[in-house]
Amino acid sequence: MKLDIIAGARPNFMKIAPIIEELEKHTDKIKYRLIHTGQHYDKKMSGSFFEQLGIPQPNVNLEVGSGTQAEQTARIMERYEALLLKEIADWVLVVGDVTSTMACSIAAKKLGVGVIHVEGGIRSNDITMPEEINRMVTDSITDIFYTTSEVANENLRLLGHKENKIKYVGNTMIDTLLKNMPKFIKPNDWDRIGLKEKQYFVMTLHRPANVDEDGNLKMLIDEIVKGAKGMPIVFPVHPRTAKNLKSIGIDAPNLFMIEPLGYLEFNYLVKNAFAVVTDSGGITEETTVMKIPCITLRDNTERPETITIGTNELVGTNPKNIAPFMAKLHSGDWKPGSIPKLWDGKTSERIVADLLNL
Ligand code: UD1
């Protein structure tokens with residue numbers, strides 16, 4: 001079998017790493033080609049993940065770079081189609097919900113290549129998010145879904161997908177997390193800031209709804225700074241957010257803005273944090289498994305199990321909502337949370353065992 005594996009943006013890399021590691025054991029049966037679309041290209045957003053997670057160099061880099069949603073989509077489709085026309089694959093495996101996921105699925109499917117979607121079926125039901133459009137389009141042409149939750153399975157059934165296409169295997173991001181936990185690295189900032197275990201916050205913000213409007217971004221950050229009651233807040237700043245932060249001038253003695261961190265450094269910080277404040281979906285899965293209280297600054301989530309089962313609370317994007325949750329954190333009665341079924345570190349084994357039977 002000839003399989004193309006697609007990775008494009010930061011949250012893809014930790015999802016493909018364990019699948020590739022497992023595929024390496026079966027290279028006699030499955031010949032894979034790793035394709036990086038180049039959607040993320042910085043060392044901090046891409047290269048360091050390949051190094052730290054031991055992902056082999058991509059066979060091909062489409063080098064599409066930055067652009068609008070349509071520009072990136074178009075460039076990826078054009079360049080991936082050209083590659084397929086030179087050498088066709090039997091299947092393409094895409095992960096998650098980024099622009100690269102959708103663009104490669106479309107290019108492949110139109111050439112008769114089967115589409116496998118890892119993390120298929122999740123929905124925020126918020127069509128204003130580019131990721132939701134990517135999920136809907138990708139799933140509509142997917143042949144095999146490897147899913148992370150019962151909710152995803154049910155979403156796909158409701159859409160009329162046949163039971164034999166839906167395979168509940170768990171979460172490959174958690175394979176990566178559990179495997180790398182013993183290797184987490186204390187970042188240099190730890191000593192520089194003077195961090196102490198369970199006595200600081202980690203914050204990440206990058207969604208357009210939170211960071212593209214200066215006024216709201218400032219109010220959000222001000223509320224979090226206030227709610228932290230002097231505890232340090234470590235804020236690795238995504239490039240999109242950095243651009244907008246420059247113009248609003250935020251300064252608080254307990255807010256430490258730093259460059260995006262490597263995977264091992266970032267998760268060291270999360271594992272030892274008092275709590276996390278984020279608008280990322282993936283981070284809510286990691287905090288669930290590490291049982292770290294997590295405040296999500298979004299109005300919806302495609303990962304409801306991080307709330308119903310895990311340690312996450314959906315606080316919304318209105319800055320006024322933040323204070324009561326901060327108070328609850330300080331009072332010490334945050335829910336303990338448990339871990340969703342099959343988030344056990346063996347998802348990639350299950351996926352590859354199934355791929356061998358396709
Ligand atoms: C993308 C994904 C999002 C994911 C996020 C994680 C889509 C639709 N969105 O959003 O789901 O959670 O990545 O990071 O695919 N930039 C750099 N260096 C890079 C990459 C980007 O400076 O290596 C800059 C770009 O020039 C752009 C901004 O960051 O100005 C945003 O990048 P982009 O890839 O367009 O989307 P993200 O917001 O990162």
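Some ground rules. The model is predicted, so local features need pLDDT of at least 70 and side-chain atom pairs count only at pLDDT 80 or more, while totals for chains, interfaces and linings use all residues. Residues are numbered from 1 along each chain as its sequence is written, and side-chain values use heavy atoms, with hydrogens and water left out.

Domains, then. The chain splits into domain 1 (2-171 + 343-355) and domain 2 (182-331). Those bounds come from an automatic or database domain assignment. Between the C-alpha centres of domain 1 and domain 2 there are 27 Å. Contact here means heavy atoms within 4.5 Å.

How much area is buried between domain 1 and domain 2? About 1,800 Å², with carbon and sulfur atoms giving 57% of it. Buried area is the accessible area (1.4 Å probe) that two parts lose on being put together, summed over both. In domain 1, the residues that lose the most area to domain 2 are Lys-44, Gln-52 and Trp-343. Together they make 33% of what that side buries.

Now the polar side of that interface. The rule finds four salt bridges across it. A salt bridge is a side-chain nitrogen of Lys or Arg within 4 Å of a carboxyl oxygen of Asp or Glu. Nine residue pairs across the interface are in polar contact, both residues at pLDDT 80 or more. A polar contact is a pair of N or O atoms within 3.5 Å; within protein, one must be able to donate a hydrogen and the other to accept it, and residues adjacent in sequence count only if both atoms are side-chain atoms.

Next, helix α7, residues 172-180. Seven of its nine residues are buried. Buried means under 20% relative accessible area, exposed over 50%, partly exposed in between (1.4 Å probe, protein chains only). The buried residues of α7 include Met-173, Ile-174 and Leu-177. They pack against α1, α2, β5 (114-118), α12 (263-271), α13 (281-290) and α16 (347-355). At the start of α7, a side-chain oxygen of Asn-171 comes to within 3.0 Å of the backbone nitrogen of Met-173.

Eight of its nine residues are buried, so α12 is largely enclosed by the rest of the structure. Tyr-263 is one of the buried ones.

Met-14 sits in helix α1. Is it buried or exposed? Buried, at a relative accessible area of 8%. Not counting residues up to four places away in sequence, Met-14 touches Phe-49, Leu-53, Thr-172, Met-173, Thr-176 and Tyr-263.

Ser-149 lies between β6 (144-147) and α6 (150-158). Ser-149 is buried, at 4% relative accessible area. Leaving aside neighbours within four places in sequence, Ser-149 contacts Tyr-168 and Glu-305.

Last, salt bridges overall. The count is 29. Take Lys-2 and Glu-87, at 3.4 Å, N to O. Lys-2 is in strand β1 (residues 2-7) and Glu-87 in the loop between α3 (69-86) and β4 (91-95), so the pair ties together parts 85 residues apart in sequence. Lys-2 is partly exposed at 36%, and Glu-87 is partly exposed at 41%.

Then Glu-150 and Lys-341, at 3.2 Å. Glu-150 is in α6, and Lys-341 is in the loop between α15 (322-331) and α16, 191 residues apart. Lys-167 pairs with Asp-354 at 3.0 Å. Those two are 187 residues apart, in strand β7 (residues 166-168) and helix α16.

Inside it, Glu-302 and Arg-135 have their closest N and O atoms 3.3 Å apart.

Note on methods: Helix = DSSP H or I, 4+ residues; strand = E, 2+ residues; numbered from the N terminus.
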